[in-house]
Amino acid sequence: MSRKPLIAANWKMYKTPAQAEEFVKKFLPLVAEQTRAEIVLCPSAISLAAVVAAVKDSGIAVGGQNMHWAEEGAYTGETSPLMLKAVGATHVIIGHSERRQYFSETDEMVNQKILSAVKNNLTPIICIGETLDEREAGKTEEVLLRQCQIALKGVVPESAESFVMAYEPVWAIGTGRTATPEMAGLAHFHIRSQVARLLGRKAADAIRILYGGSVKPDNASALANQPEIDGALVGGASLDPLSFSKIVDY
Ligand code: PGA
């Protein structure tokens, strides 16, 4: 089954609206010819509107980096799925390890956010991955299976076919340490098998599983050559238009 590669930029807490616009202006001509991969830019909530306007008619999609599961309410500082939709976002990163680590997000919260994204027609980019301690204790597979199981509770298989998952080993994020293509390939295989057990083969074959964690122009193609890897979620190397365009083009 052929899945169209997807390359997503996670800009984290970088780039003001003006800087985000500047990025898009430089980036668009660099990827104007490519049709191989889908591209999703995920700026901070405050820069979403500027990026949506800047990518208009380019085929590039825009996503949030996080959202609350409620559609509205007294949740100071949060962004709701309705707000993401209204500003023109089509995707949303859910359960990034930085959200789990610094903002105490649990698997159960990730599950609520996924159900809410589906209800509101946003494509979730669901992040999972083991910490260094978990890997060294031989628990990688167990952790991934648990994170998948809780995240996907109550999801209807048909709605999952458009899901994007991202395998992001926590020890590889922002560290310059990348999982080897073989390590990542094996983790992706475990994730897809778990999705098949939970939601059936059809959904498992359709879901795109991205690799994330120190993806750079020089390691992107080795990772992408793994049959189980359907693209990349890129942090640091997505901040520069040229380096991100090279990853899109690998
Ligand atoms: P990195 O971040 O590419 O800077 O390692 C990836 C991510 O956090 O999604």
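Predicted model: local features only at pLDDT ≥ 70, side-chain atom pairs only at ≥ 80, totals over all residues.

Residues are numbered from 1 along each chain as its sequence is written, and side-chain values use heavy atoms, with hydrogens and water left out.

**Around the ligand**

- The ligand is surrounded by 13 residues, where being near means having a heavy atom within 4 Å of it. The closest are Lys12, His96, Glu168, Gly174 and Ser214.
- That shell splits into 4 nonpolar, 7 polar and 2 charged residues. In this scheme, Ala, Val, Leu, Ile, Met, Phe, Trp, Tyr, Cys and Pro are nonpolar, Asp, Glu, Lys and Arg are charged, and the others, Gly among them, are polar.
- Look at the backbone of Gly174: one of its polar atoms is 2.6 Å from a ligand oxygen.
- Gly235 has a backbone N or O atom 2.9 Å from an oxygen atom of the ligand, and for Gly236 the corresponding distance is 2.8 Å.
- On its own, the ligand has 280 Å² of accessible area, and the protein covers 97% of that. These areas come from the Shrake-Rupley method with a 1.4 Å probe; for residues, only the protein chains shown count as cover.

**The cysteines**

- Searching the whole structure for disulfides turns up 0; a disulfide would be a pair of cysteine sulfur atoms within 2.5 Å.
- Take Cys42: the closest cysteine sulfur to its own belongs to Cys127, and at 9.1 Å that is too far for a bond.
- Cys42 counts as buried because its relative accessible area is 0%, and Cys127 is buried too, at 2%. The cut-offs are under 20% relative accessible area for buried, over 50% for exposed, and partly exposed in between (1.4 Å probe, protein chains only).

**Loops and the helix**

- Find Lys12 again, in the loop between strand S1 (6–10) and H1. Helices (H or I, at least four residues) and strands (E, at least two) are DSSP runs, numbered from the N terminus.
- Lys12 is not a glycine, yet its phi is positive, at about 50 degrees. Most residues other than glycine have a negative phi.
- Lys15 sits in the loop between S1 and H1, and its phi is positive as well, near 80 degrees.
- Thr35 is in the loop between helix H1 (17–31) and strand S2 (38–42). Thr35 counts as exposed because its relative accessible area is 64%.
- Thr35 and Pro181 are 146 residues apart in sequence, and their C-alpha atoms are 24 Å apart in space.
- Asn111 belongs to helix H5 (residues 107–119) and is buried, with 11% relative accessibility. Leaving out residues up to four places away in sequence, Asn111 touches Ile150, Ala151, Leu152 and Lys153; contact means heavy atoms within 4.5 Å.

**Ala172**

- You'll find Ala172 in the loop between strand S6 (164–167) and helix H9 (181–199).
- Is Ala172 buried or exposed? Ala172 is buried, because its relative accessibility is 0%.
- Residues touched by Ala172, beyond those up to four places away in sequence, include Arg177, Tyr211 and Ser214.
- Ala172 and Glu130 are 42 residues apart in sequence and 9.8 Å apart in space, C-alpha to C-alpha.

Conventions: Polar contact = N/O pair within 3.5 Å; in protein donor to acceptor, adjacent residues only side chain to side chain.
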